[in-house]
Amino acid sequence: MDELEGWNACWSVGIDGIDEEHRYFIYLLNQFNGNGSDALSGERLRAMAGELLTYTEEHFTNEEKVMEAAGYPLYEDHKYQHDLAEDEIRHAIASTMPEQEFRAFLGRFMLNWLVLHIQSSDQKLSAWLHENNVQYERLFDGIISGRDWMKLGRDDGTSPILAAE
């Protein structure tokens with residue numbers, strides 16, 4: 001799988017809020033892996049990577065606050081995985097690697113890390129939240145609620161709503 005064309009139902013963790021936030025990661029992934037990214041300047045690519053980092057931090061903060069408040073037993077391991085991902089993105093942004101290498105690194109990293117994380121750690125979190133009747137609510141609402149990407153369609157044809165409840 002070299003490129004993601006959109007949301008794949010097998011990535012769903014069964015929690016609307018998390019799935020909707022993951023959809024935006026897929027949107028960002030498509031920006032690095034194609035959809036005209038070859039025409040983007042190095043400056044624009046770095047700005048997109050900065051947006052990726054900001055969004056990543058916000059999504060991870062939401063998940064971590066929910067896990068911590070609910071007493072999720074795998075919180076420390078899950079947070080550690082988040083910290084590693086953020087560090088990788090920061091490292092790539094700060095690097096002086098050539099533009100094509102930078103684009104490819106972020107695209108590959110995002111694809112590999114996101115899919116693996118969703119299919120392992122986020123699935124475990126989702127199962128635990130369901131088993132313990134814990135609702136996923138956004139406890140931190142930085143840039144998430146104001147995104148144009150929210151107009152992207154859901155599988156059922158409606159628009160995702162990401163604003164904090």
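Arg 103 is buried, at a relative accessible area of 4%; here buried means under 20% relative accessible area, exposed over 50%, and partly exposed in between, computed with a 1.4 Å probe on protein chains only. Its salt-bridge partner is Glu 99, with the closest N and O atoms 3.7 Å apart. A salt bridge is taken as a side-chain nitrogen of Lys or Arg within 4 Å of a carboxyl oxygen of Asp or Glu. Helices (H or I, at least four residues) and strands (E, at least two) are DSSP runs, numbered from the N terminus.

The structure is a predicted model, in which local features need pLDDT of at least 70 and side-chain atom pairs count only at pLDDT 80 or more, while totals for chains, interfaces and linings use all residues. Residues are numbered from 1 along each chain as its sequence is written, and side-chain values use heavy atoms, with hydrogens and water left out.

Across the whole structure, 6 salt bridges were found. Side chains of opposite charge can pair when their charged atoms come close. One of the pairs joins Lys 79 and Glu 64, at 4.0 Å from N to O. This pair links distant parts of the chain, as Lys 79 lies in helix α3 (residues 75-94) and Glu 64 in helix α2 (residues 42-70), 15 residues apart. Lys 79 is partly exposed at 24% relative accessibility, whereas Glu 64 is buried at 12%.

A further salt bridge connects Arg 90 with Glu 86, where the closest N and O atoms are 3.5 Å apart. Both residues lie in helix α3, 4 residues apart, or about one turn of the helix. Arg 90 is partly exposed, with a relative accessible area of 33%, and Glu 86 is buried, with 11%. These two residues also take part in a network of salt bridges that includes Glu 57 and Asp 87.

The largest nonpolar core contains 39 residues, of which Phe 32, Leu 52, Phe 102, Leu 106 and Met 110 touch the most other members. A nonpolar core is a set of buried Ala, Val, Leu, Ile, Met, Phe, Trp, Tyr and Cys residues joined through side-chain atoms within 4.5 Å. Helices α1 (16-33), α2, α3 and α4 each supply at least two residues of this core. The most come from α4, which gives 12 residues.
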